[in-house]
Amino acid sequence: MRAINLFLLTFFLLTSCRKQPTAVSSSDSPRIVNIINFIRQLEPRTDDPNLMQDELYETVVEQIKQLKHYGLPGTFLLQYDALLNPKYQELLKNELAAGFEVGAWWEITQPHAEAVGLVWRGRFPWDWHADVGFATGYTPEEREKLVDEYMDKFKSVFGKYPASVGSWFIDAHTLGYLYDKYHIVASCNCKDQVGTDGYTLWGGYWNQAYYPSRKNAYMPAQTETGQIPVPVFRMLGSDPIYQYEAGLGGRSQHVISLEPVYQGHEGGGGERRWVEWFFCSMFDEPCLAFNYVQAGQENSFTWAQMKKGLEIQIPLIDSLRKQSKVRVETLETSGRWFREKYPLTPATAVTALTDFRNQGNKTVWYNSRFYRANLVWEGDAFRFRAIHLFDERMESDYLTKAGTSTQCVYTTLPLVDGFFWSSRDKKAGLRLTDKDGNHPAVNTPVVSELPDNVLQIEFSTVSGQTFKIVFYDDRFEVICTKGDAGWSLELETVPDAELPFRSIENSQIKASWNGFDYSVIFEKGAVEKTDNSVFRIKPDKNKIVVNCSKRI
């Protein structure tokens, strides 16, 4: 009976997205899955952390059993305190079959800090506060000592240095040092989020992978000389429609992701129907160069909590692999492939043209090394929900000094921010506006992958206009291909939004964010202030061209 159910589920997964007439995908874009489980020795957020250690260990044993049962490769990343534990050493050396990877998980613990002569400032032997539990809480010199200590210990156990180093967030100095001295080939960091666990990563390269700037590990670089040549893969598998606005109107978000411990009516990796829908979006809809999914879970959640979700996900991933729908590989393998194929960060996309919640919502994410953009359709309403620019010259707050806050904040350069500039009652966005100042209702979009890694979205309004939005690596265009010319794009926000704009005039917007000045150039069309919106972009001969690569 279970085999029949799995067959039916896989058949649904392989066929349901293909029936969508709104997506034109390319078979040349591989779909890559990494199964990454990272290992902590201790979980202090329990009544008896010492007793918990056995449960954490057994969780890893079960994860290994499951992957070996399906013959799937996996990546296990060790925190320093777990690296010291002979039980984990023996397990990972003797039990992992060929094709598995062991790497480093970069959260700092008490034995790690004390091994290099630092005084531990944490509340527990592992403390998730950013100023003690992550490299950003240490000076650059201290970070190098922590790297050297970990690498020496890892090599003494496994006979080589790790090729992959992951963390919820990692600073550019540490990542650059890991590459320059130890030649790591891959890294991974947290999905975009606001305030979760005290960590805010916002406006970055959405999902997939990118080469980070030498000055800012969260900021994609634009040049080979300005980048750390280690691809950073985005973890956890965010819901492409709903994660962005989770917690809208507040200063923190809840989680809607592929992590197997999350389930419920909102979706998540422990909810079968959501997993089916998420895999359809990631594996069947347009994505440009490639699409990426990270499965797995840290052992802190324990096997009892993740078992249900992993028993949904792993058999499906195995079936999709057997159908040649996905490539399941280690983080190191993906990192080496990325470096061989892309000298610079490629343009990619994530598309979700069906809605798990059946509310008629759709979204498209576009990324390049210069910018990211997000389009969202809510029923018959359309808007640009997010546009952020990337500049490798912008230093992070942690490049040359230690962070002293329990929080951590990484951001990029906003042009449109549908989270921070919104409230529960008013959603910010760059909206299509007709000559009467109204937002026309729109029909279902068609998303296509074009040659030269270009993404195109076409849709019409109920009044008969037809629009085409084309995303290029360095710019995007909005074109009205049919209908009158009395339209524009207008940015609307809540009145008290903290906006970066210093001047808005004709062909240019000048802005400043976190002390860094930047600009946006309109190569076709003109921008102006209005009484009812932050600014209006008027087309020139029915066309707007926004250059996201010029640095003035």
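Select Arg536: this residue is partly exposed, with a relative accessible area of 24%. Partly exposed lies between buried (under 20% relative accessible area) and exposed (over 50%), using a 1.4 Å probe and protein chains only. The model is predicted, so local features need pLDDT of at least 70 and side-chain atom pairs pLDDT 80 or more, while totals for chains, interfaces and linings use all residues. Residues are numbered from 1 along each chain as its sequence is written, and side-chain values use heavy atoms, without hydrogens or water.

The term means a side-chain nitrogen of Lys or Arg within 4 Å of a carboxyl oxygen of Asp or Glu. Arg536 sits in strand E31 (residues 535-538) and Glu490 in strand E26, so the pair ties together parts 46 residues apart in sequence. Strands (E, at least two residues) and helices (H or I, at least four) are DSSP runs, numbered from the N terminus. Glu490 is buried, at 8% relative accessibility.

Next, Glu492 and Arg431. They form a salt bridge at 3.5 Å, N to O. Both are buried.

Move to Lys427 and Glu245. Their closest N and O atoms are 3.1 Å apart, in another salt bridge. The two residues are 182 residues apart. Glu245 is buried at 13%. Then show Glu378, Arg383 and Arg385 as well: salt bridges with shared partners join them with Glu245 and Lys427 into one network.

Finish at helix H8 (residues 172-182). Eight of its eleven residues are buried, including Tyr177 and Tyr182. His183 follows H8, with a positive phi near 60°.
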